[in-house]
Amino acid sequence: MRGISKLRGLLLAGAVLGSFPVAAAEYTIASVKALTGPLAFVGVPEANAVKMAVDELNASNYLGAGNSIKLVSNDDQNDRAQITTLLTRAAKVDNALIVLGGANSVLMIAVAPLLNDLQIPMISTAQTAAPLAASKWYLKVTASSELQVAPLAQYAIDKIKPQRLAAIWGRDNDGHINNMKAFMGPLAAKGFKPIAEETILISDTDFGALSTKIAAAKPDAVWLGANAAQAANLVIQLKQAGVSSNVVLFGTAGLGVDYLKVGGKAVENTYFSIDYNDQSTNPMNVRFAQNYQKRFNTPPDNWAAVGYSETMIAARAIKDSMPNPTREKVLDAIMKMKGADVVLGGGKWTQKADRIPEYGPAVMVVRNNKPVPAQ
Amino acid sequence: MIAQQLVNGIVTGSVYALFALGFTLIFGTFKILNLAHAGVFMSGAFIGYFAVLNGLPLWLALVLAMIGSGLISYIVELGAFATIRGSGQIEFGALISSIGANLCLMSLGQRLSNTKVLRFPFETFPVEFYEFGPVRFSFLQVIILLVVVVLLMAMMFYLYKTSFGRQIRAVSGNERVASLLGVNPGLVYFQTFFISGALAGVAGIMIGLSFNSIHFYMGEPYLLKAFVVVVLGGLGSVHGAVVAGMLLGIFQNLAVAYLPSALTETIIYGLLFVVLLVKPSGLFGSEGVQVGVARR
Amino acid sequence: MMNLVYTYQPLFDYFLLAVGFAYSQQMVLRAGVFSIGSAGFASIGAYFVAIVVKDHGMNAIVALLIATLLGCVGGFLLSIPLARLRGVFQAIATLAFVQIVVSLCLYFDELTGGPQGFNNIPKLVGTWHLLAAVLVTIYFMYVISRSAIGRAFDALRQDETVGATLGISIRKYHMIAFVLSGALAGFFGGMQSLYTFSIEPEMFGFTFLVAALTYIILGGRGTVTGPIIGALIMSVLPELARPLADNRQFFQGILMMVMIAFMPHGVFDGLVLHLRKRRAAARDKLFKEAH
């Protein structure tokens with residue numbers, strides 16, 4: 001206990017002097033994610049991957065011999081008061097250089113202005129781009145809906161030409177709403193008007209009535225605005241209600257591996273842009289998948305890949321701002337980052353001027369329960 | 001399409017009824033709002049899932065889930081309700097302790113599932129459809145309806161035709177008088193909570209099978225629906241809960257089909273509000289058995 | 001050291017808000033009304049303040065006053081149909097009211113921002129404002145509990161029939177309870193808007209009302225201090241349980257069960273009862289020794 005408080009005193013002293021001791025320094029990354037509560041299915045794999053990434057980086061002396069990354073990982077229970085408290089603690093007590101933030105869009109929008117007071121960069125999973133406007137300290141790991149969905153919409157217009165398109169999306173999640181607009185907008189502009197538009201709640205599991213209604217409209221294509229397991233479940237119920245097995249499905253990067261696992265045979269013919277492709281032969285992806293499987297006894301999902309990637313970005317930013325990294329320097333390094341190694345998309349993460357990054361998500365299609373590049 | 005929606009509604013409604021029945025049984029007998037019922041429901045789905053995953057046939061998984069969630073429900077009673085029964089504060093205290101119990105169950109569910117959404121393996125249940133004119137039935141829907149009907153009849157028989165049922169009702173009327181008459185209240189508590197939990201467990205499996213999703217948060221939405229069902233049917237009324245469950249299922253399906261889906265919730269709760277004001281004893285409750293309604 | 005204090009400032013702020021909502025909940029329970037409608041009034045107050053302050057540049061104090069008034073009116077209107085109901089029926093009817101408010105806030109997204117929430121609300125309220133508001137509320141609760149209204153509430157809570165025979169108008173006092181509870185909820189809803197940058201419909205849903213009830217039941221229903229203790233426990237508990245990581249929720253659950261098992265009247269009210277009993281026992285003993 002005394003050792004810890006001594007260390008803390010040392011760190012505080014370091015912060016007061018504006019720099020850390022040069023030899024054998026510890027650089028802190030704080031992870032604030034929902035490890036319990038309804039969003040734990042995102043937070044837990046992310047936090048696992050973050051822990052793994054930090055251990056790997058330290059084992060390989062990523063920041064130079066003697067230097068190490070210290071990870072402070074906390075559970076925010078998807079609760080506003082706790083996120084606010086934990087961010088304040090990360091900035092003022094742990095003296096973290098950067099925070100790895102959560103997935104809940106609404107909460108990220110709510111806490112972004114706080115970053116201005118705390119002057120600490122936070123890179124988050126949430127789909128929404130709205131917090132970017134509220135604070136220059138807020139950063140996104142994943143690309144925006146528009147960016148991910150635009151190539152998919154173009155593909156649909158050029159190749160699929162859906163005549164009877166139905167759209168279903170979660171009305172209580174702004175990510176789903178934005179994605180739907182980004183997809184349906186360009187199609188409607190080209191004259192592909194939807195024949196049915198239905199909304200669901202992200203907690204829904206029973207789509208019996210909805211499926212029957214959609215089946216009666218006989219769609220040839222369906223837009224799925226839902227998360228992985230829910231989207232798969234929706235497709236299964238649509239097909240059970242009599243929607244043609246040849247129907248073309250469209251979805252977003254959020255689908256990922258769980259979608260294929262839960263959906264099985266039903267999700268053939270799904271076109272989606274993908275954040276994490278578990279079939280990638282990129283050496284970093286292969287190593288990541290093997291290590292994750294070994295350590296946590298389950299294959300990594302989309303969220304694990306996001307968590308791993310954001311740690312890589314944060315660590316690289318710290319390295320880029322050596323010696324004597326400060327929060328400003330770390331933020332600056334991320335703003336200038338080009339081609340950082342990640343396990344998302346094509347494997348290279350590049351920040352852009354509008355702070356919406358790019359990593360080349362491709363349009364994929366599901367064949368025999370595997371995502372393959374769409375021709 | 002309307003015939004199809006009616007069929008869908010009856011099937012989902014019957015599962016609502018099953019869930020709400022256990023809830024209303026405990027409320028009707030002991031005046032406890034058991035919020036941990038959601039957790040017990042989830043436990044049933046989990047037990048069934050792990051049983052099937054370990055190679056047991058579905059019927060055996062169902063039986064195990066019934067017994068397991070029945071016992072869990074009784075553990076909730078011991079940990080959360082038996083402890084405060086003597087204090088005279090059970091009406092309010094039970095809310096807190098059942099929220100606590102529910103947190104514990106959800107936390108266990110989260111650990112077991114590793115926060116993931118689980119689903120029964122694809123071959124657990126044959127996917128077969130029968131078509132009668134415009135209406136499609138799945139084999140699963142038929143089985144669900146059958147199981148629910150059998151369970152309901154068994155429960156009605158147990159509650160109204162056996163001495164156990166009379167004992168439950170005696171204790172619910174007045175525990176002290178009942179025990180003077182030789183009824184063992186401990187046994188009555190055990191049976192009531194066990195039955196309530198077992199019903200919730202079956203409902204959990206049914207929901208898990210038909211909607212492909214078993215996860216540690218699955219109980220919450222059903223809890224809110226149970227409130228609606230229980231009030232519409234009349235608090236504590238068993239057959240009221242059954243009919244109200246069916247009605248809610250049908251109404252929900254028709255609302256999705258013919259109304260803007262974003263307004264479904266508003267309409268359901270609006271309806272609940274109106275029913276409460278017009279006929280607080282519920283659509284099927286008799287005025288006589290009510291507790292605490294309008295004393296003027 | 002100063003930094004450690006800073007860290008807990010947000011926690012303290014949210015605790016103050018929790019106390020405000022807890023009093024709104026306690027107000028109705030005191031009068032024997034089992035309403036859980038506070039969440040709905042808080043939602044109305046919060047959205048009103050957020051919209052007029054951000055989009056129409058209204059003065060925050062005026063906006064808060066109107067939000068309070070809206071809460072009053074809402075409470076009054078809701079009390080009319082609910083006069084027919086008692087106990088759990090009131091609880092479920094008010095639950096329906098809360099759910100209706102939530103779903104309407106989701107539906108009218110052009111006004112409320114829908115599920116994305118209403119964002120970028122200017123932060124005009126800080127710790128000191130919250131603290132002042134809570135202190136005034138405590139004083140107000142204290143005055144009420146000592147007044148004729150408070151005594152009427154107590155009588156109605158303990159036995160409505162007796163209260164009525166004593167000439168207390170049930171309808172009138174229940175209405176007063178609804179109006180005061182609505183006012184507090186509307187006001188603190190508005191404060192929350194001006195404190196948290198953004199609000200969303202689900203913030204004022206089932207979780208909110210369960211939390212508000214928890215503060216009261218855990219702390220104590222009959223005293224002014226009870227809700228403070230309840231809100232304090234529920235604010236500190238997640239932090240205490242933090243080192244348990246994955247088992248955090250389990251521990252929180254167990255602790256709630258244990259506390260209510262040992263102190264069924266709530267922690268503070270239980271303590272008061274206990275002390276009172278001990279004092280009475282001591283007095284009896286003295287009395288016996290003297291004779």
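This is a predicted model: local features need pLDDT of at least 70, side-chain atom pairs count only at pLDDT 80 or more; totals for chains, interfaces and linings use all residues.
Local features are given only at pLDDT of at least 70, side-chain atom pairs count only at pLDDT 80 or more, and totals for chains, interfaces and linings use all residues. Residues are numbered from 1 along each chain as its sequence is written, while chains are lettered from A and ligands numbered from 1 in the order in which they are written.

Start with chain A. It holds 13 helices and 14 strands. Here helices (H or I, at least four residues) and strands (E, at least two) are DSSP runs, numbered from the N terminus. The radius of gyration of chain A, taken over C-alpha atoms, is 22 Å. Along its principal axes, the C-alpha trace of chain A spans about 70 × 40 × 35 Å.

How much of chain A is buried? Of its 375 residues, 60% count as buried. A residue is buried if 20 or more other C-beta atoms lie within 10 Å of its own, exposed if 12 or fewer, and partly exposed in between, with C-beta atoms placed from the backbone. Now take contacts, meaning pairs of residues whose C-beta atoms, placed from the backbone, lie within 7 Å. Among contacts in chain A between residues at least 6 apart in sequence, 67% join residues at least 24 apart.

Chain A is assigned two domains: domain 1 (2-142 + 281-349) and domain 2 (145-274). Such bounds come from an automatic or database domain assignment. The centres of domain 1 and domain 2 of chain A, taken over C-alpha atoms, are separated by 33 Å. Where the domains meet, 6 residues of domain 1 of chain A are in contact with 8 residues of domain 2 of chain A. The side of domain 1 that touches domain 2 has 1 nonpolar, 4 polar and 1 charged residue. In this count Ala, Val, Leu, Ile, Met, Phe, Trp, Tyr, Cys and Pro are nonpolar, Asp, Glu, Lys and Arg are charged, and the others, Gly among them, are polar.

Some loops of chain A have backbone details to look at. The peptide bond from A:Met322 to A:Pro323 is cis, with omega near -10 degrees. A:Pro323 lies in the loop between helix 12 (302-320) and helix 13 (327-335) of chain A. A:Gln119 is not a glycine, yet its phi is positive, about 55 degrees. A:Gln119 sits in the loop between helix 4 (105-118) and strand 4 (122-124) of chain A. It counts as partly exposed because it has 13 C-beta neighbours inside 10 Å. A:Arg355, also a residue other than glycine, has a positive phi near 65 degrees. Its loop runs between strand 12 (348-349) and strand 13 (363-367) of chain A. With 17 other C-beta atoms within 10 Å, A:Arg355 is partly exposed.

Move to chain B. Strand 1 (residues 129-132) and strand 2 (residues 135-138) of chain B run antiparallel and are joined by 4 bridges. Strands pair if DSSP finds at least two bridges between them. B:Tyr130 stands opposite B:Phe137 in strand 2 of chain B. The two strands form a hairpin with 2 residues between them. In the turn, B:Gly133 has a positive phi of about 60 degrees.

In chain C, look at helix 11. Its expected span is 1.5 Å times one less than its number of residues. For 14 residues that should be 20 Å, and the end C-alpha atoms are 20 Å apart, which agrees. Helix 11 of chain C is mostly covered, with 10 of its 14 residues buried. Among them are C:Phe208, C:Leu213 and C:Ile217. C:Gly220 follows the helix, and its phi is positive, near 140 degrees.

Last come the contacts between chains. 25 residues of chain A are in contact with 26 residues of chain B. On the chain A side, helix 2 (40-59), strand 7 (194-200), helix 8 (208-216) and helix 9 (228-240) each supply at least two residues. Helix 8 of chain A gives the most, with 6 residues. This side of chain A divides into 10 nonpolar, 11 polar and 4 charged residues.

Chain C also meets chain B, with 38 residues of chain C in contact with 40 residues of chain B. Helix 5 (87-107), helix 11 (206-219) and helix 13 (248-262) of chain C each give two or more residues to this side. Helix 5 of chain C has the largest share, 14 residues. The side of chain C that touches chain B divides into 25 nonpolar, 9 polar and 4 charged residues.

Conventions:
Two residues are in contact if their C-beta atoms, placed from the backbone, lie within 7 Å. The radius of gyration is taken over C-alpha atoms; the globule rule is 2.2 Å times the number of residues to the power 0.38.
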